[in-house]
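Student: I would like to learn how to read a few features in a model. Can we go through them one by one?

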Amino acid sequence: MTHAMQKGSNIPVAPVAVRAVLRWTGGPEVPDVDASALLVGPDGRVRSDEDFVFYNQPRHPSGAVWRLGKKQIGDAVTDAVQADLRTVPPSVDRILVVASAEDVPFERVRDLRILLYDAGATGGSEPLAYFDVRPETGAETALICGELYRRGDGWKFRALGEGYSDGLVGLATDHGISVDESAAEPDAAAAAAGGAEATGERTTAMAPPTQAPPAVPPAYGYPQPVSPVPAPGADSAFRLPAQGPQFIRR
């Protein structure tokens with residue numbers, strides 16, 4: 001049974017591995033949307049910059065959360081993250097599933113929906129739940145679409161739709177990551193590798209990915225794209241900024 005969720009509602013999560021898929025309708029005036037995840041503790045803050053899973057840091061060191069990348073079927077475009085709930089570190093209380101569009105308000109994103117799947121299911125399985133994400137003002141450039149959170153010995157999923165008009169910068173700051181947008185990069189290669197040390201602290205550079213995302217293991221039931229979305233930086237509508245802010249653990 002698929003649960004049609006309302007903002008603030010929650011459901012228990014029985015599967016040990018789940019896939020959160022962001023889906024929207026593409027078009028020439030529709031911005032690219034990126035899925036990412038924040039692993040936070042009971043205080044709502046990350047433990048380090050490694051708890052931010054995004055396009056240039058696609059897998060958490062624990063192996064518990066990773067990005068699957070984009071695919072396109074017809075007019076629909078998706079981006080997804082997957083979580084093996086058995087291997088999430090005990091100090092992580094919640095996994096936030098985030099949608100962001102670089103400097104473009106979500107009022108221009110059509111039909112945004114988050115769908116939660118049993119990642120262990122095979123074939124054309126129905127989603128466990130879905131939630132139609134509607135920005136409150138339309139000016140948001142980042143949205144927490146939903147969260148997986150611990151409840152006793154198990155997990156639950158909550159529909160959220162909480163927005164930030166200052167994008168990933170505002171969202172990251174709220175969850176314990178200090179943002180240095182003026183940090184100088186030694187060169188583009190160092191920025192792409194996340195190796196800048198502008199303040200003596202470890203940084204995570206939000207530069208475009210330097211290679212295509214790794215293939216998804218077939219065991220997790222997420223098929224390869226029917227019509228692959230061109231990699232960021234290629235001649236396509238799906239572009240990432242030439243350089244973004246630096247995220248530094250605070």
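Tutor: First, the ground rules. This is a predicted model: local features need pLDDT of at least 70, side-chain atom pairs count only at pLDDT 80 or more, and totals for chains, interfaces and linings use all residues. Residues are numbered from 1 along each chain as its sequence is written, and side-chain values use heavy atoms, leaving out hydrogens and water.

Student: How many aromatic pairs are there by this rule?

Tutor: Rings of Phe, Tyr and Trp (its six-membered ring) pair if their centres lie within 6.5 Å; planes under 30 degrees apart are stacked, over 60 edge-to-face, the rest tilted. The count here is two. Phe 52 and Phe 54 are stacked, at 4.5 Å centre to centre and 10 degrees between the planes. Phe 54 and Tyr 55 have centres 5.3 Å apart and planes at 65 degrees, so that pair is edge-to-face. Phe 52, Phe 54 and Tyr 55 form one aromatic cluster.

Student: Which charged end sits over the ring of Tyr 149?

Tutor: The test wants NZ of Lys or CZ of Arg within 6 Å of the ring centre and within 35 degrees of the ring normal. Arg 158 has its charged end over Tyr 149, 4.1 Å from the ring centre.

Student: Is Asp 34 buried or exposed?

Tutor: Buried means under 20% relative accessible area, exposed over 50%, partly exposed in between (1.4 Å probe, protein chains only). Asp 34 has 9%, so Asp 34 is buried.
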